[in-house]
Amino acid sequence: NVGRENGGDIVTAGARIFSSYFVGSNSKSKGGCIWITKALTRGSSTGVVSINGSLFKELASDFGGVVYCDRNTVVTVVNSRISDINTRDGSFFADDSTVLHLNDTVVGDIETVDAGLLHLSINSYGILSGVTVNNIHAQGFGGVAVSESNSVLEIFGSNVSNVRVLADGGVFYVRSGAFIEIFESQFYSISAVSGGFAFVFGGNIFMDRANVRDVNTKTAAIFSAMITSKVKATGCSFSEFTAESASFATLVQNAKLALIGSRVLNAKATENIALALLSDSASFNITSSYVDSLTADADVGLIQQFDYSKVMLINSNITNCSCESNAIDLSGNSSLISSRAFFKANTLRSTATGAIILLRESSSAFVANSTMQQNAGKSIFTTEFSALKIYNSIFR
């Protein structure tokens, strides 16, 4: 069916759909299959559509290749299959103040410009529970989801794989004030320009027991965060990612990243900085976590800090990492706190000048109850006008 402007098959202010097949439909603007709107009705209407056990295939529309939700509407999709969708912005497009819930649904083979699966507009709310997403190609940003200001997206027990994005935000593109919460989900085989897992432009991400692996970007394979963004990962694993520089994260303009009880493993920077680049008062807190087998082909190995940025290593291990000269390089009033941190078997290929911690002019470090053991290269190198305090630590 061809719905011309909006709604390829159905235009409705409320419906219940069971065990149905929608194949080959399209519309020019909104909703390749379904347009949910209350604007065309008189009197009261629920604006609620529930879909169960249905198939959506070979659908197309500019906004909402499958479903477009007007303001203050609700869509629930359960136990359904979605494939071969062509859209400019979102297989599901949620306008302002809408609610979208996908549960036990399989999604695959999406061609889009932005937001392959979901676009959440201002004040909208989305839930993905038990959702499998595979094979998305986006020419723009936000391979799986774009979250606008004050929207909330919650993800439970879902799997995302094979996402290719030609701009930023391989999985998520998160705008100012948006919130994304992720629980016990898997993300793998992802590529983008920057922010392979998430490009966070003033938004917030909270992750618990998630697994992210096999990510490739030009910079910031996992997180690119800026403008007071807040990212927190608890009990998560990040592994097998590669970028030219700042392989794990780029943090600028007061962005905050915290790893708690997490693992960062087997990553590579083909140039500099296998872990994180920080500037403009950004902060990075690594607590009770493991960083192992990270490699940078050029000078700076793990972390480079500028402009009042802060790094805290608390009860964490950094082991088996390698670079040309310096593992952690501080300058420009940046600071490092290492408390109960353990540095072991890290390799600096230029042992004559390289150091695990290099303090340049105006930077500072406080090392307490920490251990530097069996590293190839100096432990700490200070330059003029830097500040170093060491308390109850072991060097061997």
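Q: Is F93 buried or exposed, and what is its relative accessible area?
A: Buried means under 20% relative accessible area, exposed over 50%, and partly exposed in between, with a 1.4 Å probe and protein chains only. F93 has a relative accessible area of 9%, so F93 is buried. F63 counts as partly exposed at 24% relative accessibility. Of the 396 residues of the protein chain, 54% count as buried.

Q: What kind of model is this, and how are residues numbered?
A: The model is predicted: local features need pLDDT of at least 70, side-chain atom pairs count only at pLDDT 80 or more, and totals for chains, interfaces and linings use all residues. Residues are numbered from 1 along each chain as its sequence is written, and side-chain values use heavy atoms, with hydrogens and water left out.

Q: How many aromatic pairs are there?
A: A pair of aromatic rings is described by the distance of the centres and the angle of the planes. Rings of Phe, Tyr and Trp (its six-membered ring) pair if their centres lie within 6.5 Å; planes under 30 degrees apart count as stacked, over 60 as edge-to-face and the rest as tilted. The count by this rule is 16 aromatic pairs. One of these is the edge-to-face pair of F63 and F93, at 5.8 Å centre to centre with 85 degrees between the planes. This pair links distant parts of the chain, 30 residues apart: F63 is in strand β6 (residues 55-63) and F93 in strand β10 (residues 92-94). Strands (E, at least two residues) are DSSP runs numbered from the N terminus, as are helices (H or I, at least four).

Q: How do the rings of F223 and F238 lie?
A: Their centres are 5.8 Å apart and their planes are at 70 degrees, so F223 and F238 are edge-to-face. F223 lies in strand β25 (residues 223-226) and F238 in strand β27 (residues 237-243), 15 residues apart. Both F223 and F238 are buried. They belong to one aromatic cluster, with members including F172, F187 and F284.

Q: Which charged end sits over the ring of Y188?
A: A charge sits over a ring if NZ of Lys or CZ of Arg is within 6 Å of the ring centre and within 35 degrees of the ring normal. The charged end of R213 is over the Y188 ring, 4.6 Å from its centre. R263 lies over the face of Y290, 4.7 Å from the ring centre.

Q: How many helices and strands does the protein chain have?
A: The protein chain has zero helices and 47 strands.
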